[in-house]
Amino acid sequence: LYSFCTLLVMPHDAAFYTEGCRAYVEFYLTRLRDNEQGLIQLSLIGRNVDDDNVIELMDALKDNTEVAKIVLDENNFGDPGVKSIASLLKNNKTVTEVSISGNPLVTDAGVQELTRSLTVNNTVRTVTANDLPNVTQPVMESLQKATVYNSHPLPLKKFIVSFIINQDVVQKIDLSRPSDATRPYTIASTKLISEVVSACTTLLYLDLSNNNKGDTATELLCSAIGGHKALAELRLGSNRISDKGVGHIVKALTNNTTLTDLCLTDNIVGNQGASLLIDLVSVNGTLSHIRLDHNNISPDHRKKVVYSLLLNSQPNELRAIYDSACLNSSTLRTIFLDGLRHSEERLLNDISCRVLLNCLDGNTSVRRLTLPNNRIGDDGAEILAKLIHTNRHIEQIDLRGNY
């Protein structure tokens with residue numbers, strides 16, 4: 001078929017060859033505009049094709065659905081011609097190969113525009129651009145990378161171009177997919193995401209929701225997030241993550257010191273996964289929010305996760321008391337936490353009162369809560385008032401010097 005098509009588009013009449021570049025261009029223009037069936041290649045090599053010629057040819061290709069390969073090597077066009085090719089590729093869904101080698105008038109500006117076009121084109125798989133003396137090595141490498149990444153879903157490609165190709169400082173990446181999207185991220189895509197996330201040292205927010213990744217892909221991703229020095233929020237909702245996947249996440253985050261917010265909504269996490277998260281919170285002092293809505297977790301385990309997170313934001317003194325209070329230790333008769341003994345960031349607050357309400361529910365040993373000079377407000381006082389009604393063993397609560 002390839003040989004047959006080449007014969008179709010390159011006539012053998014000797015007079016034709018002597019008429020110059022215009023004759024070759026005209027030969028193609030009519031056929032391209034007519035969307036001639038079987039014409040799968042536009043090939044003009046060493047025919048002195050200039051910018052105006054290329055612009056004409058690309059305009060003729062606007063509505064063409066046959067041509068899959070554009071070869072314009074060793075001609076006489078520069079950046080305007082390359083930019084017209086880039087403009088075509090932004091909307092074209094047929095062309096898979098482009099070659100512009102041996103055009104010395106092409107510079108960085110033209111190749112950069114061609115690179116940018118690949119962020120919205122999803123069909124080009126090969127771009128050949130050798131022997132362009134006025135194009136710098138970094139720009140050429142960016143084009144090569146964009147071509148390699150062109151097989152990945154569009155949102156991922158846009159991110160890659162932003163970070164790797166344009167060298168932008170990236171703090172937020174949203175690679176979530178709408179619920180009706182038909183092209184999921186493959187394992188290869190996940191590997192690429194992991195590699196780039198590891199390299200992106202400024203990244204604060206990563207959203208990979210609605211990708212149906214599963215536990216295997218989650219494990220790949222965890223290799224990047226565990227030791228990340230900046231990532232603060234990770235969203236993995238709707239990814240078919242089970243207790244096994246949670247195990248990978250827990251292992252990665254055990255020593256992580258930056259992640260504060262983890263979203264695992266709409267997965268298939270069960271009580272075992274919830275218990276793993278509770279264990280994680282007990283050793284990770286940074287996590288403050290874990291979202292687990294719409295999983296297979298019992299209300300009791302959900303409550304334990306919530307209170308383990310609340311406790312994680314509290315001063316060490318309260319955390320130390322918490323376990324003894326929950327275990328109803330007979331030696332714990334008074335909880336004494338005077339704010340004057342602690343720095344500003346270690347003072348009790350309204351959330352501290354929720355923690356106390358939880359650990360003293362059912363406790364029969366504690367008699368007094370002495371909590372002066374902290375940052376407990378009206379909401380906290382209301383919670384403690386409720387505690388008095390539910391726990392008749394508490395005889396006194398001291399809130400002097402609070403807000």
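Axes here are lines fitted to C-alpha atoms, for helices over the stretch in contact, and angles run from 0 to 180 degrees between N-to-C directions. Keep that in mind for the helix pairs.

Some ground rules. This is a predicted model, where local features need pLDDT of at least 70, side-chain atom pairs count only at pLDDT 80 or more, and totals for chains, interfaces and linings use all residues. Residues are numbered from 1 along each chain as its sequence is written, and side-chain values use heavy atoms, with hydrogens and water left out. Helices (H or I, at least four residues) and strands (E, at least two) are DSSP runs, numbered from the N terminus.

Start with α10 and α11. Their axes lie 9 Å apart, and the packing angle is about 5°. So the two helices are roughly parallel to each other; that label covers angles under 35 degrees, while over 145 is roughly antiparallel, 65 to 115 roughly perpendicular and the rest oblique. Who touches whom? Contact means heavy atoms within 4.5 Å. From α10 come D215, T218, E219, C222 and I225. They meet K244, G245, H248, I249, A252 and L253 in α11.

Now α10 by itself. It runs over residues 214-225, 12 residues in total. From first C-alpha to last it reaches 16 Å, close to the 16 Å expected at 1.5 Å a residue. That expected span is 1.5 Å times one less than the number of residues.

Which residues of α10 are buried? Buried means under 20% relative accessible area, exposed over 50%, and partly exposed in between (1.4 Å probe, protein chains only). The buried ones are G214, D215, A217, T218, L221, C222, A224 and I225. They cover an arc of only 155° around the axis, so they sit on the same side of α10. The arc is that of the directions from the helix axis to the C-beta atoms. T216 and S223, on the other side, are exposed. And the buried residues pack against α9 (187-199), β6 (205-207), β7 (233-235) and α11 (243-253).

N212 is partly exposed, at 44% relative accessible area.

N35 is another such case. Its phi is positive too, about 55°, and it is not a glycine. N35 belongs to the loop between α3 (21-33) and β1 (41-43). With 27% relative accessibility, N35 counts as partly exposed.

Next, α14, residues 316-326. Its buried residues are L318, I321, Y322 and A325. Their arc is only 125° around the axis, which puts them on the same side of α14. The face turned away from that buried side carries N316 and A320, both exposed. What covers the buried residues includes α13 (299-312), β10 (334-336) and α15 (350-359). After α14 comes N328, with a positive phi near 60°.

That brings us to α15 and its partner α16, residues 378-390. They pack at about 15°, axes 8 Å apart. That makes α15 roughly parallel to α16. On the α15 side, the contact is made by D350, C353, R354, L356 and L357. On the α16 side, it is D379, G380, I383, L384, K386, L387 and T390.

Last stop, Q144 in helix α7, residues 137-148. Q144 is partly exposed, at 46% relative accessible area. How far apart are Q144 and N391? In sequence, 247 residues; in space, 69 Å, C-alpha to C-alpha.
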